[in-house]
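Please look over this protein model with me.

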Amino acid sequence: MSALEQSTRRSRPVAEAGLESRGTPFLQASFALSKRWWWQLKRTPLEIVVALAQPALWLVLFGNLFANSGVVTGTSYIAFMTAGVVIMTVFNAALNGGAQILFDRETGMLHRLLAAPIPPGAVLWSRFFYVLGLTTFQALVILLVASLLGVRIASGVAGLVLVLATGILLGIGVTALSMALAFTFKHHGQWFSVIGFVSLPLLFASNALAPVEAMPRWLQLLTTFNPMTYAISAARQLILEGFDWWVMTTMASALLSFDIVMILVALAAMRRALD
C-alpha cells in the first residue's frame with residue numbers, strides 16, 4: 001500500500017469529526033495553513049485592491065442608480081442598501097472560497113497536505129479563517145465608505161460588531177457549501193459553472209436590493225429559504241433602526257442551523273472525495 005493510500009485511510013475517520021489531532025494541534029495547523037492563502041494574496045497587490053474596492057464601488061453605483069427609484073421610503077437607498085452590500089460581499093467571497101481547494105485537488109497539493117501530520121479538518125478551517133478574515137476587512141471598507149456618504153449605524157459600535165458577526169455567521173455556511181462543491185466536482189470548469197448559475201438567483205431571491213414587501217408573493221416565499229435574507233434583515237435592522245432582539249434571534253437560529261448542516265455536508269464530501 002502506498003504512503004498516499006495509507007494517509008487517505010487514516011484521514012477518513014478524522015475527517016468525519018474534523019477536529020481530531022494528528023501530530024500538529026488543530027488550531028495551530030488551521031492558522032498555519034490560512035497563512036498560505038494570505039501569502040498568496042500578498043503576492044498579487046492588484047487582487048487586494050480589487051477585493052477591497054469592488055464592494056465599495058457597488059455601494060456607490062447601486063446606491064446612486066436607485067436613489068430616486070422610490071423602492072424604499074423613510075431612508076436613503078444608500079443607507080438601505082449598505083447592509084445588502086455588506087452581506088452580498090461576504091456571500092460572493094464565501095461562495096468562491098472553495099476554488100483554491102479544488103485547484104489543490106487538481107494539482108495533487110491537497111493529498112500532500114493530508115499526508116502531513118495535521119488534522120484533515122484543518123484544511124477546511126484554514127479556508128474559513130482566510131475567507132472570513134478577508135470579508136471582515138471588506139465589510140469594514142464598505143461601512144467606512146457608507147459613513148462618508150452619510151450613513152450612520154443606529155446601534156453604534158456594538159451594532160458594527162454585530163453586523164460583522166452576522167456576516168461571519170453567513171460566511172461559515174456559504175464557505176462550507178463552496179468547499180463541499182469543490183470536493184464533489186473533479187474539474188474546476190464544472191465548479192465555476194454551478195457557482196455562476198446559483199449566485200445571481202440567490203442574490204435576487206433575497207432582500208439585498210429591495211424590501212421583501214415590494215416583491216411578488218412567489219419571490220417573497222423564496223426569500224424565506226435564503227440564508228442571505230436573514231443576514232441582511234439583521235444587518236439592516238442594526239444599521240437603520242437599532243438592536244431588535246427578535247430579529248437577531250431569528251437570524252442567529254437560521255444561520256447557525258445553516259452553518260451546521262453545511263459543515264456536515266462539507267465533511268461528508270471531503271470524506272467521499274478521499275475514499
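Q: Is threonine 166 buried or exposed?
A: This is a predicted model, in which local features need pLDDT of at least 70, side-chain atom pairs count only at pLDDT 80 or more, and totals for chains, interfaces and linings use all residues. Residues are numbered from 1 along each chain as its sequence is written, and side-chain values use heavy atoms, with hydrogens and water left out. Buried means under 20% relative accessible area, exposed over 50%, and partly exposed in between (1.4 Å probe, protein chains only). Threonine 166 has 1% relative accessibility, so the residue counts as buried.

Q: Which residues does threonine 166 touch, not counting residues up to four places away in sequence?
A: Threonine 166 sits in helix H8, residues 156–184. A contact means heavy atoms within 4.5 Å. With that cut-off, the partners are Ile87, Ala231, Ala234, Met248, Met251 and Leu255.

Q: What share of the contacts between residues at least 6 apart in sequence joins residues at least 24 apart?
A: The protein has 275 residues, and 47% of them are buried. For contacts between residues at least 6 apart, the share joining residues at least 24 apart is 81%.

Q: What span does helix H7 reach from its first C-alpha to its last?
A: H7 covers residues 121–148, which is 28 residues. The expected span is 1.5 Å times one less than the number of residues. That gives an expected 40 Å, and the model comes close to it, at 41 Å.

Q: Which element gives the most to the lining of the largest cavity?
A: On a 1 Å grid over the protein atoms alone, a cavity is a set of points where a 1.4 Å probe fits but cannot get out; lining residues have an atom within 4 Å of a point. The largest cavity has a volume of about 30 Å³, where volume is the space filled by probe spheres set on points joined across faces, edges and corners. Its lining is Val86, Val90, Thr135, Thr136, Ala139, Val163, Leu164, Gly167 and Ile168. Four of the lining residues come from the top contributor, H8.

Q: Which helix gives the most to the lining of the largest pocket?
A: A pocket is an open set of points with protein on both sides within 12 Å along at least five of seven lines. The largest pocket holds about 630 Å³ of space. Its lining has 24 residues, with Glu47, Ala93, Asn96, Tyr130 and Leu134 nearest the centre. Six lining residues come from the helix that gives the most, H3.

Q: Which helix supplies the largest share of the lining of the second largest pocket?
A: About 530 Å³ of space lies in this pocket. Of its 21 lining residues, Asn207, Glu213, Ser233, Arg236 and Gln237 lie nearest the centre. Helices H11 (227–240) and H12 (245–274) each supply at least two lining residues. The largest share, seven residues, comes from H11.
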